[in-house]
Amino acid sequence: MIVFELICPDRHRFEGWFASSDDFESQKSRGLLSCPICSGSSIEKLLTAKIGKPEAEPAGEKAQPAPAQAALARNLNELIDYVLLNTENVGEDFPAEARRIHHKEAAQRNIRGLATGEETRELLEEGIAVMPWPVPRRKDWH
Ligand SMILES: [Zn+2]
């Protein structure tokens, strides 16, 4: 069976069940179709046809990132790229190297690396500005 959405000259819409598209044309040509609201007989079918039960969710509403979110992600990626290109990775030596730089025992430069939360707290208490990944602000680096 096919469900056609039908419309009469007065634009009343209703559904009709037919065995096939040919069945619709046949019934229409024999004047068997009429609008249930105004009894008009010049019935046309709309383009949408449903087979069997109604279709599921309409397509085209897939989750797209909102523009603002996409821009934010892009900016964050650019920031991370920037940091990666402009800092020296000292890995697990980060806390020690940060101290050396802070005390001018090592070359002044931007570094990145690994530190535990405890180490980060200690560095901050010593007045060494560190920022947790992934949003280091360059001006905070010594
Ligand atoms: Zn009608």
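Me: Which residue in β2 does V3 stand opposite, and what makes β1 and β2 count as paired?

Reply: In this predicted model, V3 faces W17 of β2. Strand β1 (residues 2-7) and strand β2 (residues 13-18) share six bridges in the antiparallel sense. Pairing requires at least two bridges, so β1 and β2, with six, are paired.

Me: Why is N89 called exposed?

Reply: N89, a residue of strand β4 (residues 88-91), has 11 other C-beta atoms within 10 Å. A residue with 12 or fewer is exposed, and therefore N89 is exposed.

Me: Which residues does N89 touch beyond four places in sequence?

Reply: N89 touches R112 and G113. The C-alpha atoms of N89 and G113 are separated by 5.5 Å, although the two residues are 24 residues apart along the chain.

Me: Why is V90 called partly exposed?

Reply: V90 also lies in strand β4, and 19 other C-beta atoms are found within 10 Å of its own.

Me: What contacts does V90 make beyond its neighbours within four places in sequence?

Reply: V90 is in contact with E97, I111 and G113.

Me: How do you know that the buried residues of α3 line one face of the helix?

Reply: The buried residues of α3 are F94, P95 and A98. Viewed down the axis of α3, they fall within an arc of 100°, so they line one face. An α-helix has 3.6 residues a turn, so residues three or four places apart point the same way.

Me: Which elements do the buried residues of α3 pack against?

Reply: They pack against β4, β5 and α4.

Me: What makes K104 stand out in its backbone, and why is K104 called exposed?

Reply: K104 is not a glycine, yet its phi is positive, about 60°. K104 is situated in the loop between α3 and β5 (111-113). It has 9 other C-beta atoms within 10 Å, and since the limit for exposure is 12 or fewer, K104 is exposed.

Me: Why does S39 count as exposed?

Reply: S39 has 8 C-beta neighbours inside 10 Å. Because exposure covers counts of 12 or fewer, S39 is exposed. Its place is in the loop between α1 (21-29) and β3, and its phi is positive, near 65°, in a residue other than glycine.

Me: What makes up the largest nonpolar core?

Reply: Seven residues form it: F4, L6, C8, F18, F24, L33 and I43. Apart from that core lies another, of five residues, including F94, A98, I111 and A115.

Me: What does C8 touch beyond four places in sequence?

Reply: C8 touches C35, C38, G40, S42 and I43.

Me: What makes helix α4 hardly covered?

Reply: Among the nine residues of α4 (residues 117-125), the count of buried residues is zero. Just after α4, G127 has a positive phi of about 85°. Over the whole chain of 142 residues, 11% count as buried.

Me: Where in the chain is confidence lowest, and where highest, among the elements?

Reply: Confidence is lowest in strand β3 (residues 44-51), at a mean of 71, and highest in helix α3 (residues 94-102), at 93. The chain as a whole has a mean pLDDT of 80, and 78% of its residues reach 70 or more.

Me: Over which residues does pLDDT stay under 50?

Reply: It stays under 50 over residues 134-138. For that segment the model has eight contacts beyond four places in sequence.

Notes: Residues are numbered from 1 along each chain as its sequence is written. This is a predicted model: local features need pLDDT of at least 70, side-chain atom pairs count only at pLDDT 80 or more; totals for chains, interfaces and linings use all residues. A nonpolar core is a set of buried Ala, Val, Leu, Ile, Met, Phe, Trp, Tyr and Cys residues joined through C-beta atoms within 7 Å. A residue is buried if 20 or more other C-beta atoms lie within 10 Å of its own, exposed if 12 or fewer, and partly exposed in between; C-beta atoms are placed from the backbone. Two residues are in contact if their C-beta atoms, placed from the backbone, lie within 7 Å. Helices (H or I, at least four residues) and strands (E, at least two) are DSSP runs, numbered from the N terminus. pLDDT is the predictor's confidence in each residue, from 0 to 100. The arc is that of the directions from the helix axis to the C-beta atoms.
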